[in-house]
Each structure stands twice: as structure tokens, then as C-alpha cells.
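Here is a note for a colleague opening this model for the first time. Please read the points in order, with the structure beside you.

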Amino acid sequence: MDFDITSAVIVMGSLGLVFGAGLAIASKILAVEKDKRVEQIEEALPGANCGACGAPGCGGFAEGVVAGQYPVNGCTAGGSDVAARIAEIMGTDAGDIVRKVAVVRCRGDKDTCVERAIYSGVADCRAAMLIAEGAKGCVYGCLGLGSCVKVCSFDALHMAPEGLPVVDEDACTGCGACVEACPRNIIELIPFDQPVYLGCVSKDFGKSVKAVCKVGCIGCGMCAKENVTADEMITMDGKIPVIHYDKVKNPQTDLANAVEKCPTKSFVVRDLAEKSAP
Amino acid sequence: MFRKKSFRGGAHPHDEKRWSADMAIQEMPLPGTVIIPVQQHIGAPADIIVEKGDAVKKGQPLTKTSKFVSVPVHASISGTVAAVEKRPHPFGTDLTSIVIESDGNDAWAAEPVMNPDYLSLGTDKMVQIIGEAGIAGMGGAAFPSHVKLSPPADKPVDTLILNGVECEPYLTSDYRLMLERPDDILAGLQIIMKILGLTKAFIGIEANKPRAIALLREKCAEKKNIAIVPLAVKYPQGAEKQLIKAVSGRSVPSGGLPMDVGCLVHNVGTAAAIYEAVAMGKPLIERIVSVTGPGVRKPRNIKARIGTPFADLIEFCGGYTQKAAKVINGGPMMGIAQTTIAVPVIKGTSGILVLDERTAAGSDELPCISCARCVDVCPMNLLPNHIAAFIEHNRVEDAQKMGLFDCMECSTCSFICPAKRNLVHYIKLGKALWNEAQKKTG
């Protein structure tokens with residue numbers, strides 16, 4: 001008996017057609033009812049599974065939005081574009097979304113802040129905190145081991161050679177994963193259009209700050225004085241000034257005086273001109 | 001060949017006892033200032049009952065507690081309270097401490113008097129005295145001793161083991177205590193036996209201390225109810241669960257306590273302190289500290305007041321050698337490296353180890369090569385390589401499922417790892433992250 005290639009093709013091809021038809025019918029009969037909106041929302045999301053919304057990944061968030069568990073503008077990483085699209089899918093209004101950006105509130109790098117010991121353990125800030133709270137002289141300062149860099153899903157944080165993380169503001173979505181990861185609570189999310197932030201979180205005063213860091217805030221309270229910044233835009237919380245961004249109406253000018261008057265030059269002014277719009 | 005009792009796993013670091021083993025215990029000159037941290041034990045903190053400016057006398061309690069799992073601290077010198085503030089603590093963080101400046105008189109609040117009839121005190125009274133004397137396990141963990149001496153009725157203790165193993169390299173404080181004050185240890189043992197109503201006890205000693213074994217055997221020649229058990233020289237032979245396994249053959253279940261298998265372990269130093277408290281009414285205000293290692297000029301065993309700064313002890317030992325590089329509270333395996341020598345001796349400080357450049361030199365962490373040597377040596381039968389890898393990749397829940405909390409952080413795995421992975425550090429991190437997550441979810 002001789003086998004010919006055409007019979008094989010015919011047999012295999014018809015088998016394929018029969019099974020394909022079977023599968024097509026089965027998928028129709030056994031289909032699981034799934035809300036189309038879930039799929040649409042999932043498509044609209046960034047898909048980084050960063051967890052900033054509180055859901056376990058983007059899929060969970062999409063289901064949660066449809067179930068009414070999460071707000072339509074709950075995806076901080078996606079910003080206003082994604083919120084608008086999800087609102088459209090859900091047929092509601094996205095509301096206002098303020099774009100936020102992470103800032104590293106420490107400027108004590110290898111040159112400016114003293115080290116009190118040599119750390120040789122696991123390269124993770126939270127691990128260093130377990131051993132004498134790390135090697136840095138300042139107990140409030142950045143440990144520089146990059147726990148924040150590791151958790152960033154958007155490649156927006158990089159460790160500079162000077163030992164401080166640098167935020168790539170174009171890539172930062174303000175998801176806040178780094179804020180959670182930092183054991184010293186140095187990273188803060190501020191409104192994107194606010195150029196000024198305080199580059200220090202030390203709760204110490206004067207001499208004890210100077211002893212460990214050249215650029216730290218000494219808590220003098222100059223910036224919070226009425227004649228420097230009006231309307232309580234900056235108030236003192238113990239030994240550390242707090243900027244109330246909701247009171248700063250003209251981001252470019254309102255805090256300029258405080259930045260100018262600060263004796264330690266602890267305020268950082270971000271250059272907004274170069275930043276692209278979200 | 002005769003095989004010494006032991007446990008599964010373990011490693012053989014150099015014991016390095018030679019630095020200070022033959023140095024008799026010396027008393028420190030009276031320190032000018034002592035720093036007494038309020039929290040030196042495991043358990044609830046006690047309330048401070050003195051203020052800045054108060055005159056205090058030696059042996060006077062400085063804190064008071066109504067909690068059961070807690071012990072007070074006492075003034076270790078007489079003088080004035082100079083400050084009540086946060087000071088560096090050997091655990092690494094700044095903790096509230098009572099700073100006392102000496103008046104040079106070293107006067108007792110109540111001079112310890114020998115009570116010849118101490119054994120006829122009731123057991124409740126004895127436990128109360130031990131609690132009030134501030135005695136917390138002196139092997140290092142500093143768990144309040146009176147709590148261990150009050151086992152619940154449903155968990156009767158039938159085996160008492162005194163821990164004279166001192167398996168941690170370099171340290172010799174327990175060894176010197178066994179050689180110089182064996183009678184105090186045995187008297188303390190007798191008190192513990194009376195409290196628990198036991199007739200038999202064991203003293204476990206590592207076989208690298210033949211003089212201590214011989215001396216205690218000689219002292220116990222008459223007492224048939226106390227057995228001296230020489231144990232294999234292996235780290236961590238002195239860990240509670242491993243000691244119980246070696247001496248009694250029983251295995252403490254995962255997450256359980258020695259009393260779950262009817263055992264109780266006390267350190268020899270704790271026994272001596274219990275004797276001083278019960279027989280003489282002396283609170284815990286001093287302890288034996290080995291100041292040792294290649295980084296210190298004259299390694300010694302010192303009887304130091306609680307609260308004496310490390311700097312004073314190191315100076316008493318002739319200061320650093322030229323190559324001194326690292327100061328550790330405790331031994332090289334489980335001790336904690338210090339960032340300042342302003343930290344004080346606390347109840348659990350069995351030694352101050354000063355390493356030199358060579359012995360302190362670390363090397364960079366390399367990737368795990370899956371050789372499983374850590375698995376071979378883990379005395380708790382865990383998989384340190386897997387647990388550490390899970391934690392490294394933020395999978396703390398998986399690490400917890402693999403017995404994260406069974407790890408006692410003995411560091412045998414880190415010691416043996418050819419890739420120099422900081423396995424125990426990962427595990428400590430994992431425990432901290434897990435506890436943090438538990439707190440968050442409530």
C-alpha cells in the first residue's frame with residue numbers, strides 16, 4: 001500500500017476542521033459570562049501591576065472598578081488619561097486627578113553626610129535598619145542602598161554615584177511604591193506642578209544636624225515666619241518645616257522667599273520647564 | 001569510639017578561647033558614670049521611678065513593673081541621676097537609659113547579708129526575690145528568669161539543664177565562672193531545683209572545657225543527683241533546643257517552648273546570680289564580661305557593673321591594638337556589631353569582642369550556587385538558602401511557610417556559605433517584614 005502526501009494532508013486537515021468546529025461550539029455553549037468592561041479597563045491600564053491602587057495587580061483593579069470596589073480614578077500610575085478612559089468605559093465622571101511625583105527628601109550624599117560605620121550586610125535599606133539603623137551618621141538620612149529603586153515598576157528611580165536615589169520625573173507615575181518601601185520615610189509624593197520641596201526630614205536641631213550633615217535643615221524656623229512666607233504655607237512641626245501645598249496658589253513664586261532666606265539652602269527647586277506634560 | 005552527645009547539623013568554627021580562657025576574673029575599678037538602659041530584657045518595659053537629680057545607692061531599684069514578663073533594673077553604683085534620656089544601646093538603637101554619676105562611695109542601699117537559712121524560704125518567695133532582683137537570662141537572650149521558674153501547671157518540668165556550653169567562639173565568661181565560682185553555681189542550681197521540686201539536674205558543658213568538667217564533677221562527686229554531661233564541640237551546642245536534644249534526647253516542637261517537652265534550661269551565670277539574690281538579697285548589678293579578640297591589647301575576663309560603657313572596659317584591657325577594626329557585643333556568630341563604644345554593658349553582655357582587620361574582613365555577597373551546605377548545617381532542619389531567596393525577592397509569605405520563625409539566627413548557615421551570602425541577615429529582614437505586614441493587616 002502506498003501512502004501519498006495528499007491523503008495525509010486531507011486526513012489531518014479534516015481532523016483539524018472537525019476539532020476546530022468542536023472547540024468553537026464548546027466555547028459558545030460553555031462561555032463564562034464576563035463583563036466586557038473588565039477587559040476594556042484592563043486594556044486601558046498601564047499593566048505594570050504596581051499595586052499602588054491597593055488591588056493585587058491591574059486585573060484585580062479592573063474587576064474591582066466594575067464591582068464598585070475601587071474608584072475610576074484609583075490608578076495613580078495611569079494619571080488623568082487612564083482615569084478619563086476608565087470613566088468613559090464606566091459611563092461616569094473621572095473627577096480631578098492631581099498628578100503627583102515622588103521627591104527624595106534627603107541631600108546627604110557621600111560628600112555631605114558623615115558615615116559612622118562601615119556597613120557590609122544585605123544591600124537593602126530595611127535590612128540595614130535592623131543593624132544599628134544603618135551606617136549613616138544622620139539617623140533620618142537616606143541609607144542609599146536602594147530599596148526604593150528595587151520596588152519601582154516604572155524604572156523611574158536610579159541610584160546616583162553620590163549615594164542618593166534620583167527620580168526620573170518623566171517616568172514617575174506617582175504610584176507611591178517607593179514611599180512605602182523607604183524605611184526612613186524620606187520619599188514624599190508632591191503635586192507635579194509644585195517646584196519647591198524641603199530636601200531634609202531631620203527632626204534634630206541646629207548643632208546635632210550640623211555634626212552629621214553639611215546640607216541638612218537645622219530647624220531654625222526662618223522659612224515659617226510670617227514675613228517670609230504668608231498664609232501659613234509653611235509651618236513648623238517640631239523642628240521640621242512642613243509645606244502645605246494646598247495653600248500654595250502660585251507655585252512658581254509663593255515660596256521663592258523661603259528658598260532665598262533658608263540659611264542652610266535646604267529647599268530644593270525642581271526645574272519644571274524641562275519636564276514634559278503627562 | 002565514644003561519641004559525645006550532640007544534635008544534627010552544626011559547624012565547627014575555631015573556638016578562639018585561647019585569648020582569654022586562662023585570664024582569671026578581674027574586678028573593674030569603679031566606673032565614673034554608668035548608663036543603665038531601662039529595657040535590657042525580653043518582655044514588657046518597666047516604669048522609671050527615679051528622676052534627674054535623685055541620689056541613688058547601689059542596689060536601689062530604678063524601675064518598677066507590675067507586668068509579669070518584665071524585670072526591674074537597679075543602680076549599679078551609688079551617686080546622682082545625671083540624666084534620663086535616650087542613649088546608644090548595644091541592640092543598635094538609642095533607648096531610654098538612666099545615667100548615674102558616681103559619688104565614689106559605692107555605698108549599698110541595703111548591704112547583701114548572707115541568710116544561712118535561705119533554702120527554707122518558700123518557693124513563691126524565692127521566685128519573687130528572683131524577679132525583684134532583676135535577673136534575666138545571662139546567656140545573652142535576657143529572658144526574665146522568674147518567668148521560666150513559674151511553669152504552668154499543665155506543663156510540668158521534669159528535666160533541668162544548666163547551660164555551661166558556651167559554644168560561641170571567643171567568649172570565656174561562663175568558663176571562668178565555672179572554674180572560679182562552682183559552689184555559687186551549684187547553690188543556685190539547688191535553689192532552682194527546690195523551686196521546681198526536682199531531684200535531678202544536668203549541667204551541659206562542651207568537651208573543650210575539660211578543666212571545668214573535671215572541677216564540677218569533683219564538686220558533685222557526693223551529689224549523685226547532678227550529672228555533668230560533656231557535649232560534642234560543635235556550634236551551636238549551647239542553643240536551648242540543641243542542648244535539650246543532646247542531653248535529654250527530646251525535640252522541642254516547632255514554635256514550642258522547652259517546657260512543652262518538660263525541660264528547662266538556665267545559664268550557669270544565671271544560676272550564680274540566682275544564688276546571690278536568694279541567699280544574700282543581692283540584685284543583678286554586675287556580671288562577668290569577656291573582653292577579648294585580636295583587636296584588644298590585654299584580653300581579660302572582667303567583673304563589670306551593669307551600665308559600664310564599653311569604652312571603659314576596653315581601656316581597662318589596655319585599649320585597642322593597632323589593627324582593631326570591629327567591636328561586637330557578644331560573640332562573632334550571634335553578636336551585634338557596634339557603631340559606638342559609648343554603649344553600656346547590659347545584663348545579656350557576655351562578651352565584648354574586638355576583631356582586627358583580618359578577622360573582621362567581610363567579602364562581597366555572591367550568588368547562591370545551590371551547594372546546600374547551609375541545609376546540611378542548619379540545626380533547626382530548615383532550608384536557609386530557599387528562605388533567604390524568598391525574602392530577597394519580597395516573597396515573605398513563602399518564607400514564612402518554610403519555617404522562617406523556627407530560625408533562631410545562630411548564623412551557622414552564614415558562617416558555612418561559600419558564596420558569603422548574609423543568610424541570617426535576610427532571615428532577620430524577613431521576620432521584620434512579616435511582623436510589619438501582620439501589624440498592617442491587624
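1. Start at B:Glu286. This residue counts as buried because its relative accessibility is 12%; buried means under 20% relative accessible area, exposed over 50%, and partly exposed in between (1.4 Å probe, protein chains only). B:Glu286 sits in strand E12 of chain B, residues 286-292. Strands (E, at least two residues) and helices (H or I, at least four) are DSSP runs, numbered from the N terminus.

2. A word on the basis. The model is predicted: local features need pLDDT of at least 70, side-chain atom pairs count only at pLDDT 80 or more, and totals for chains, interfaces and linings use all residues. Residues are numbered from 1 along each chain as its sequence is written, chains are lettered from A and ligands numbered from 1 in the order in which they are written, and side-chain values use heavy atoms, without hydrogens and water.

3. Which side chains make polar contacts with B:Glu286? B:Lys282 does, at 2.7 Å. B:Arg305 does too, at 3.4 Å. A polar contact is a pair of N or O atoms within 3.5 Å; within protein, one must be able to donate a hydrogen and the other to accept it, and residues adjacent in sequence count only if both atoms are side-chain atoms. Leaving out residues up to four places away in sequence, B:Glu286 touches B:Glu27, B:Met138, B:Lys303, B:Ala304, B:Arg305 and B:Ile306. Contact means heavy atoms within 4.5 Å.

4. B:Glu286 also belongs to a salt-bridge network. Its other members include B:Lys58, B:Asp106, B:Arg181 and B:Lys303. A salt bridge is a side-chain nitrogen of Lys or Arg within 4 Å of a carboxyl oxygen of Asp or Glu. Over all chains, the whole structure holds 26 salt bridges.

5. Turn to chain A. A:Glu169 and A:Arg270 form a salt bridge at 2.8 Å, N to O. A:Glu169 lies in the loop between strand E3 (165-167) and helix H7 (177-181) of chain A, and A:Arg270 in the segment after strand E8 (267-269) of chain A, so the pair ties together parts 101 residues apart in sequence. Both A:Glu169 and A:Arg270 are buried. A:Arg126 and A:Asp124 also pair in a salt bridge, at 3.2 Å, N to O. A:Arg126 and A:Asp124 are buried as well.

6. Back in chain B, look at the open sheet of four strands. Its order is E2-E7-E6-E4, with antiparallel pairing. Strands E2 (33-37) and E4 (55-56) are the edges, each pairing on one side only. Two strands pair if DSSP finds at least two bridges between them. Nine bridges join E6 (residues 79-88) to E7 (residues 94-102). B:Pro88 stands opposite B:Asp94 in E7.

7. B:Glu85 and B:Arg87 meet in a salt bridge at 2.7 Å, N to O. B:Glu85 counts as partly exposed because its relative accessibility is 34%. B:Arg87 is partly exposed too, at 24%.

8. Finally, the domains of chain B. Domain 1 spans 113-280 and domain 2 spans 373-440; these bounds come from an automatic or database domain assignment. Their C-alpha centres lie 30 Å apart. Seven residues from domain 1 and six from domain 2 make the contact.
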